[in-house]
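Good morning, everyone. Let's walk through one structure, starting at the ligand and then moving out to the strands and loops.

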Amino acid sequence: MTTIATDYKVPQLTIDGTTQGSAETLSVIDPSTAEPFIEVPSASVEQLDEAVAAARRAFKTWSKLPLTERQDAIRAVGEIVRANIDELAELTMREQGKPVGNARGEIMASLRQVDFFGTIELNPEIIKDDETGKVVVKHDPIGVVGGITVWNYPILAAMFKLVPALVAGNVIIIKPSPYTPVGTLRLGELLQEALPPGVLQVLAGGDDLGKAFTTHPGIDKIAFTGSVPTGKAIMAAAAATLKRVTLELGGNDAGIVLEDADPAVIGKDLFWAAFSNSGQVCAALKRLYVPESRLEEYCAVLAEEAAKVVVGRGDQDGVVAGPIQNAAQLEQVKRLADDARANGADFFFEGEVPDGPGYWFPTTLVRNVAEGLALVDDEPFGPILPILTYTDLDDAIERANNTDYGLGASVWTSDPDAAVEVAERLEAGSVWVNQHPVVTATVPFGGVKQSGVGVEGSRYGLLAYTNIRVVSIKR
Ligand code: NAD
């Protein structure tokens with residue numbers, strides 16, 4: 001077992017370039033033991049006020065720097081993250097539960113934000129320039145951003161927000177999930193070296209602190225990753241001060257396998273589309289539709305992949321999947337599984353989990369299920385996949401779309417024309433072909449319907465951290 005040394009200096013809040021403790025603390029649980037392993041400060045509303053005041057001061061100069069100077073600082077941010085990857089990966093493994101190699105992968109993926117936004121251009125657009133006048137569209141920073149993040153990819157979620165927000169000229173205060181605050185607090189401490197005071201601040205705290213962000217008059221935009229109900233609460237609260245919002249919410253992504261696909265070829269990718277990060281991925285494959293005539297073949301290849309998965313503590317050799325991150329999430333997965341079992345679902349594969357304490361749930365494959373069952377209609381956010389069948393492709397597409405979610409979807413086929421035809425008809429922010437999900441810095445990612453508002457990634461994601469200002473000159 002990897003241990004955080006007893007003399008490990010507990011990461012603190014970062015406010016105005018310095019670290020601070022707090023009277024209140026958050027006890028952080030290691031999901032593989034279900035035991036607390038560290039206590040970190042939990043910011044008060046007064047500390048939020050202090051951070052917002054510092055942010056507003058910092059914004060005055062940061063927003064006026066040339067883009068290239070802000071990008072120099074962002075590249076320095078990337079260097080610091082890279083230099084401290086071992087520590088950040090260990091903290092992520094301990095608090096989130098994922099294998100340490102995957103934690104490193106998460107942090108490396110976050111560096112692609114730096115590569116992309118660290119060199120992007122944000123030039124004004126000239127939409128008219130003639131003898132009658134000139135019209136220029138500029139992209140001004142919005143101001144102080146409140147970044148509220150979730151527990152499945154804590155460092156990635158923070159970097160997804162802070163990198164484009166700062167490049168666009170904003171300043172940001174990040175509130176990580178109370179379940180996984182440690183790595184983000186440490187990130188905040190480490191990055192002060194690259195940034196002026198008040199440009200990036202990190203305040204850990206519970207849901208109430210998140211609420212205080214959404215009503216704070218000194219915060220101009222909320223960039224949120226989390227659940228649909230919280231996204232709705234944030235949008236409602238933000239209305240009072242007309243804060244801008246970007247909401248990256250939940251999903252219940254369908255994947256439709258077409259007749260021509262070969263289970264031997266796509267089986268492994270299908271499996272990991274659903275089970276990566278123990279299923280705790282917003283845009284994981286959560287409902288798999290296969291042709292009825294080929295159900296047995298797909299169940300066989302998926303079970304073969306599932307049998308290879310070793311679930312355990314993230315620091316043990318050979319482990320490829322960790323626990324569920326928290327007790328409430330484990331209860332949600334168990335509730336959906338129990339309900340499916342009680343309704344006659346066939347649990348044709350259930351893997352092994354370690355004995356003893358920890359938020360364990362086995363790798364689970366389920367068939368003989370249909371819409372109307374909570375396991376199919378709700379987002380499990382855990383290592384369980386319902387496999388549904390269809391005989392008519394139009395019907396499968398309709399069923400796939402029959403949800404309030406609209407984050408991702410996928411089509412699996414070797415026929416490129418059929419892939420495009422089905423992709424065009426799936427209601428989702430991203431439709432992938434023969435893969436699921438793919439989220440990178442260079443491509444926009446966001447949900448339609450109730451899976452979100454706006455996108456992250458790409459130039460579109462950068463523009464989400466700007467207000468348009470038009471300068472119109474009469475000649
Ligand atoms: P959650 O919505 O409960 O919590 C997320 C964050 O919001 C936490 O920091 C929490 O403290 C804060 N919060 C809670 N109530 C708040 C309020 N009223 N005002 C402001 N902040 C508040 O999220 P969860 O249920 O723990 O996370 C799982 C969900 O996140 C899943 O639905 C998953 O699909 C979704 N998710 C989406 C994406 C995406 O990019 N679309 C990525 C990861 C996870």
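First, a term. A polar contact here is a pair of N or O atoms within 3.5 Å; within protein, one must be able to donate a hydrogen and the other to accept it, and residues adjacent in sequence count only if both atoms are side-chain atoms. Next, the ground rules. This is a predicted model, where local features need pLDDT of at least 70, side-chain atom pairs count only at pLDDT 80 or more, and totals for chains, interfaces and linings use all residues. Residues are numbered from 1 along each chain as its sequence is written, and side-chain values use heavy atoms, with hydrogens and water left out.

Now the ligand. Which side-chain contact does aspartate 207 make? An N or O atom of its side chain is 2.7 Å from an oxygen atom of the ligand. Tryptophan 151 puts a polar side-chain atom 2.6 Å from a ligand oxygen. Glycine 226 uses its backbone: an N or O atom there lies 3.2 Å from an oxygen of the ligand. On its own, the ligand has 870 Å² of accessible area, and the protein covers 88% of that. Those areas come from the Shrake-Rupley method with a 1.4 Å probe; for residues, only the protein chains shown count as cover.

Step back to the shell. It holds 29 residues, and the closest are Trp151, Asp207, Ser227, Leu249 and Glu379. To be near, a residue needs a heavy atom within 4 Å of the molecule or strand. By class, 12 are nonpolar, 12 polar and 5 charged. Nonpolar covers Ala, Val, Leu, Ile, Met, Phe, Trp, Tyr, Cys and Pro; charged covers Asp, Glu, Lys and Arg; the others, Gly among them, are polar.

Which elements contribute? α7 (207-215), β10 (221-225) and α8 (228-239) each supply at least two shell residues. α7 gives the most, with 4. Helices (H or I, at least four residues) and strands (E, at least two) are DSSP runs, numbered from the N terminus.

On to the strands. Two strands pair if DSSP finds at least two bridges between them. β5 (residues 125-130) and β6 (residues 133-141) are antiparallel, over 5 bridges. They form a hairpin with 2 residues between them. Aspartate 129 stands opposite lysine 134 in β6. β6 also runs antiparallel to β20 (residues 466-474), joined by 9 bridges. There, valine 136 has valine 471 as its bridge partner.

A second hairpin: β3 and β4, with 4 residues between them. They are antiparallel, with 7 bridges. Isoleucine 29 faces proline 36 of β4 across the pair. Look at alanine 34 in the turn: its phi is positive, about 60 degrees, although it is not a glycine.

Last, a cis peptide. The bond from histidine 436 to proline 437 is cis, with omega near -10 degrees. Proline 437 sits in the loop between β18 (430-433) and β19 (452-453).
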